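Colleague: I have the model open and a few things to check. Can we go through it together?
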Amino acid sequence: MKNIRYLISFMVIAPFFISCSIDDGSGGGSQIPPTILANLYATSNTTNTITSYDITTNGIFIRPMESSSNDNEGIYYDDVADELTVVSREQKVINTYRNINDTPSNGDLSLLASGGVLLNSPRDIAVKDNFYIISDNADTDGNPNTDDGTFFIFTKDTNAYTLRNKVKVNYAVWGIELIGNDLYTVVDKTSNVAVLKNFISTYTTDVTATPDKQIVIEGITRTHGITHDGGTVILTDIGDAQSDTDGGFHFIGDFVNRFNAIPDGGTLALAGNQIRVSGPLTEMGNPVAVEYDNSSQTIFISERANGGGKVLFFDQIGAGGNIGPTLSAELPGASSLYFDNK
């Protein structure tokens, strides 16, 4: 497969084409469709559009698709079933849509399965087999001065979701990531990351859980997004939520071993352990979600504040610092991301 990293770099050096569709129907005669190398799916908090960035041998094509919800956050794509699962903040449910590859630009997504109206303020999703975990940052104890959050664990059959149980924690939640059987969670409003070991099999009833470990990530002001691929974890830093210029992300290789080496409550030092990317050239203010492709070393950022919302591609971060994205595409209300490498 052609390396996505070099494809993106080439499109920046040479004229590149971001289109509203792969085929607008205006051409005369048949065309050989480009080969799709990968897809990056993105949601929005302000529109019902689910956007697919189709990365092809001919360039990157933007394919917007219309969902049933005007506010979505949390997304997962099943490439075997060709199904896209999107969490609706507006409807407070999980929705799964089918036949994604056959959905045309500006076409309506076909709803396959949905859950009951059980969620409150969903933010992210993690999936393993038929278990779907949703992080929800709504207040649960009635006291706005205390931090808390909930993980909803659903099971999925062909056309419905069933809530198995809820796991509450005594910290604010946002991004979540399963690494093996362990659920790594950002601790919102802080620079911390926590882990709940063997999450699905350990917490099978409604319970308030205490993380097995929680550590500080030095250099981060307020973390939101988390992703993992090839042993590397990327964490986003939204900084001051009211600023649209002070965001960043941290690249942490060999993450699990580094995390395990830090005692509970300890700090993972920035020097020697992490690469930080931040500064005005990055176009990051509130980077709320992140995806990473280890094979091409490409980082995808969902930026919520700068310019009203953007999706940013970084493919060469080097030693970090104030570097610009390789590609920047406007996306109003940009929220969550999911990357699928074909």
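Colleague: Where is the place of T298?

Modeller: T298 is in strand β25, residues 298-303. Strands here are DSSP E runs of at least two residues, helices are H or I runs of at least four, and both are numbered from the N terminus. This is a predicted model, in which local features need pLDDT of at least 70 and side-chain atom pairs count only at pLDDT 80 or more, while totals for chains, interfaces and linings use all residues. Residues are numbered from 1 along each chain as its sequence is written, and side-chain values use heavy atoms, with hydrogens and water left out.

Colleague: Is T298 buried or exposed?

Modeller: T298 is buried, because its relative accessible area is 0%. Buried means under 20%, exposed over 50%, and partly exposed in between, with a 1.4 Å probe and protein chains only.

Colleague: Which side chain does T298 make a polar contact with?

Modeller: That of S296, at 2.9 Å. A polar contact is a pair of N or O atoms within 3.5 Å; within protein, one must be able to donate a hydrogen and the other to accept it, and residues adjacent in sequence count only if both atoms are side-chain atoms.

Colleague: And what does the side chain of D293 contact?

Modeller: The S296 side chain makes a polar contact with that of D293 at 2.5 Å. D293 also has a side-chain polar contact with N341, at 3.1 Å. D293 lies in strand β24, residues 287-293, and counts as buried because its relative accessible area is 4%.

Colleague: Moving on to G115. Where is the place of that one?

Modeller: G115 sits in the loop between β9 (110-114) and β10 (122-128). At 16% relative accessibility, G115 is therefore counted as buried.

Colleague: What is G115 in contact with, leaving aside neighbours within four places in sequence?

Modeller: V93, I94 and Y161. Contact means heavy atoms within 4.5 Å.

Colleague: Now the whole protein. How many helices and strands?

Modeller: Three helices and 28 strands. Buried residues account for 56% of the 342 residues.

Colleague: What does the C-alpha trace span along its principal axes?

Modeller: About 60 × 45 × 35 Å.
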